[in-house]
Amino acid sequence: MDDLVNDFLVESHENLERLDRAFLTLEQDPTAAEVLADVFRTIHTIKGTCGFLGFKKLERLSHGGESLLARVRDGERSFDAQISQALFELVDAVRAILAAVESTGAEGDASYDGLIEELLALCADESAAPALAQAAPASPKDPAPVESPTQAPASARSESRVRVDVETLDQLMNLVGELVLSRNQIRLHAETSVHAGLRSSSLRLAQLTSELQEGVMRTRMQPIGNVWSQVPRLVRDLCAKIDKRIRFEASGADTPIDRSILEMLRDPLMHMVRNSIDHGIETPSRRVESGKPAEGWLRVRAWASGGRVRLAIEDDGAGIDPVRIRQKALERGVIDAAQAAVMSDTEAVGLIFRPGFSTAEKLSNISGRGVGMDVVKTNIERLGGSVTIASRPGSGTRIDLSIPLTLAILTVVMVESGGVCFALPQTSVHELARVPPRGEPGAPISVQGARVLPLRGALLPLLSLRELLGLDPHAIDGEQHVVVLESDGRRFGLVVDALRDIQEIVVRPLGPALARVRVYSGAAILGDGRVALILDSSALAERGKVLHTQEIAGQGEHALEKSHVRRQLLLLDGGDAGQIAIELAQVLRLEEVPRERIERSFGHPVLRWRDEILPLGFLEVCLGAAPARETERRLGGGTRFPVVVCDVGGRRFGLIAQRILDVSEEGLEPCAGLLPIGIRERGSLGGAVVHLLDLEAIAARVLEAHASAASETAA
Amino acid sequence: MSASAQYCSFRLGAAEYALDVADVQEVLRGLEWSPVPLAPASVIGLMNLRGQIVTVVDLAKLLGLEIEPGAPIPAPRDIHIVLSGPRPPLSFAVDEIGEVLAIETTSLLAPPSTLSPAVRACVRGLHLADQRLITILETRVLLEALMQPELA
């Protein structure tokens, strides 16, 4: 019996989502006969099962809905706003009862008599009123002509699909994790063995294990669209409440993602959607005033890229005004006046990710829920993902997420401190460096008790893992390596005794007894059977009281003015755009690419680079110094192209320059004046005018061009 | 059938304790564990039990037992009573494992009122037989105590 109820719950939740979608369709097109028939069948099924399981309230409710829908289906009543409202309420009521059934096993005490009466009254409205008379509980001999079609599609589907308990899948994943570990161990033994048969069997085992791992991971994948299945309904309800007109569009709903990530993505996504509806998109009257169509749009797109899933949430609303953000941040003491003065617009927009920041002038009941974008960012980063935001005041906002496909298996850098091994997720490791011994150039310096490491012209704050974790504080001399970590907008160096290898590990949760120790995000069993803790870099930064990069950057730029601390710049010939500089820290690699290696994707140039596909852009075109069609001519012209591979917050792309000129350590002598879009600074260097790229803006432009070309072609 | 239950007895310092066998999955000896820096004092570390990560709890610390003055300094506890309930799994480290006793529920004595209320809450009852006093612990309450800040 319990199994029956469980099956019923699972099935009903799916059915309710179908109903939500169907009612939304009907609101657009009240005459869609097929949709109506489908809705009717769905409700009828729910009613039938409720009757069988003895859920009286549910049965009466769904009976009310069914009666109303029967009138609509038979053309006796037209599907209008009043009906759709009542039906949405019905769906909500059924959901509430199901929730009660799920937690208590009974239907709960809430009374839905009012709603039932309303449903039945609506049945009666337009025609003579025989239906009202039988308002009492469901009569068993209700319209049954659609009984058989209900069964047919369901059973056809059930043959090719099996419902598997999530727990079983989790167990399988754990077992596969164990198998990966055993494989690693066997491989270790086989490598040193003289037995040739063992070596070849070990290779075969390794390959099978990888395939099995992939297969099991696939079983845990769900379409990412599930995460926004409730958004259309949310948009509809909110729009009705605050008098806005918004069209919701989604694409890439089939993109697969691990179900545990899906769950953790739901709240942040809903939050961003609410933000967009509440603060982003303007009221119809204001939109018309500013020359936009009265109806705004909100678009969610997902696609897979390089072992990760990308998600873009865009709207054509008012955008984020960097001036207002700066002002608010000042008022709230998030930054000080000096920082505000040197902050670029891109950095200012990024302030919305800082704790304690909310620009809503009046708190509304839609998004004023006490959590802000900082929580969204923290949650996404906890998943090993990243968030960036780009906004043009007046024309819209775009938020980009990059999320790993799965959480269960993680690539980590193993480090050792005080005789204990720890794992650091590779996504948060920026680089590894060796600490020169005291007295040698480049050794750590102590600034009023805080240790810093001079690294490429900047000072990196250092935290000792021994000190942070209270490990054996002696033998400081043993600390020889620095892992540069970046998380949560903070960058710092973690000093450890030794660096070990890079491993793939299976993440295990820590029990509740250790849940309060925030510096660990989990544990894992290593190839040698030992248990290692996985460090959470943002919790470490918090424990070490590391400031946010913007704060450091702000202070850094003051220092720059006074002492001309130098950063390394890569100088490029940007053709009509003049001499262009890129900070070397943002450059992954320089490549000379022959023309035939540059391929096309939806008309835009791309390069297969390592194991990913790199979008390319011509420097002049990105900067608007040459028209887009120039791309074609240039691609036809050269035989080899210098490509600068850049990395901006995990997003990679290539810039094609005319020529690579030089790497310079000279500082830019700043010049005053307005800066074109995509340029962060202008100055003179070695007698020439040099423009320093705002690589974030350029990244947005290159990736945007590619993404929109792809979606236009797809549409 | 009289209401009796089976208990797994063990020793912490000089005193004898027992847990309901229904709460015990297995007893192990001599497994290595990895320390967990910054963990609450009652958590000793983590160990690998056939691919499961087990949280090792120092039961004496959890109960707030003082080492009696003059008693020899105990060797690191390396007998683990792995509990059957919690997931991820959890084990209590004890000094010595005893036998399985069948004890009638009605013969259990109430804990003395001089015990601190927090510790008293963890005690199901006392069993007195042949000059031995065995304190029978309530696993569920011990687990709850683990989630709390240190037990007084």
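Residues are numbered from 1 along each chain as its sequence is written, and chains are lettered from A and ligands numbered from 1 in the order in which they are written. In this predicted model local features need pLDDT of at least 70, side-chain atom pairs count only at pLDDT 80 or more, and totals for chains, interfaces and linings use all residues, while side-chain values use heavy atoms, with hydrogens and water left out.

Begin where the chains meet. Chain B brings 20 residues to the contact and chain A brings 24 residues, where contact means heavy atoms within 4.5 Å. The buried area between chain B and chain A is about 1800 Å², and carbon and sulfur atoms give 72% of that area. Buried area is the accessible area (1.4 Å probe) that two parts lose on being put together, summed over both. Of the area that chain B buries against chain A, 32% comes from Pro37(B), Leu38(B) and Ile53(B), more than from any other three residues.

Between chain B and chain A the count of salt bridges is zero; a salt bridge is a side-chain nitrogen of Lys or Arg within 4 Å of a carboxyl oxygen of Asp or Glu. Two residue pairs are in polar contact across this interface, both at pLDDT 80 or more. A polar contact is a pair of N or O atoms within 3.5 Å; within protein, one must be able to donate a hydrogen and the other to accept it, and residues adjacent in sequence count only if both atoms are side-chain atoms.

On chain B, strand E4 (33-35), strand E5 (43-49), strand E6 (52-58) and helix H3 (139-147) each supply at least two residues of the side that touches chain A. Helices (H or I, at least four residues) and strands (E, at least two) are DSSP runs, numbered from the N terminus. E5(B) gives the most to that side, with four residues.

Now turn to the sheet of chain B. Six strands form an open sheet with mixed pairing, in the order E3-E7-E8-E6-E5-E4; two strands pair if DSSP finds at least two bridges between them. Strand E3 (24-29) and E4 of chain B are the edge strands, each pairing on one side only. Strands E7 (residues 79-83) and E8 (residues 90-94) of chain B run antiparallel and are joined by four bridges. Within E8(B), Val94(B) is the bridge partner of Ile79(B).

Chain A also holds an open sheet of six strands with mixed pairing, ordered E21-E25-E26-E24-E23-E22. Strand E21 (587-594) and strand E22 (598-601) of chain A stand at the edges with a single partner strand each, so one side of each is left without a neighbour in the sheet. Strands E25 (residues 640-648) and E26 (residues 651-656) of chain A pair in the antiparallel sense over six bridges. The bridge partner of Val645(A) in E26(A) is Gly654(A).

Side chains of opposite charge can pair when their charged atoms come close. The whole structure has 41 salt bridges over all chains. One salt bridge joins the side chains of Lys47(A) and Glu66(A), at 2.8 Å from N to O. Lys47(A) lies in helix H2 (residues 33-53) of chain A and Glu66(A) in helix H3 (residues 56-73) of chain A, 19 residues apart.
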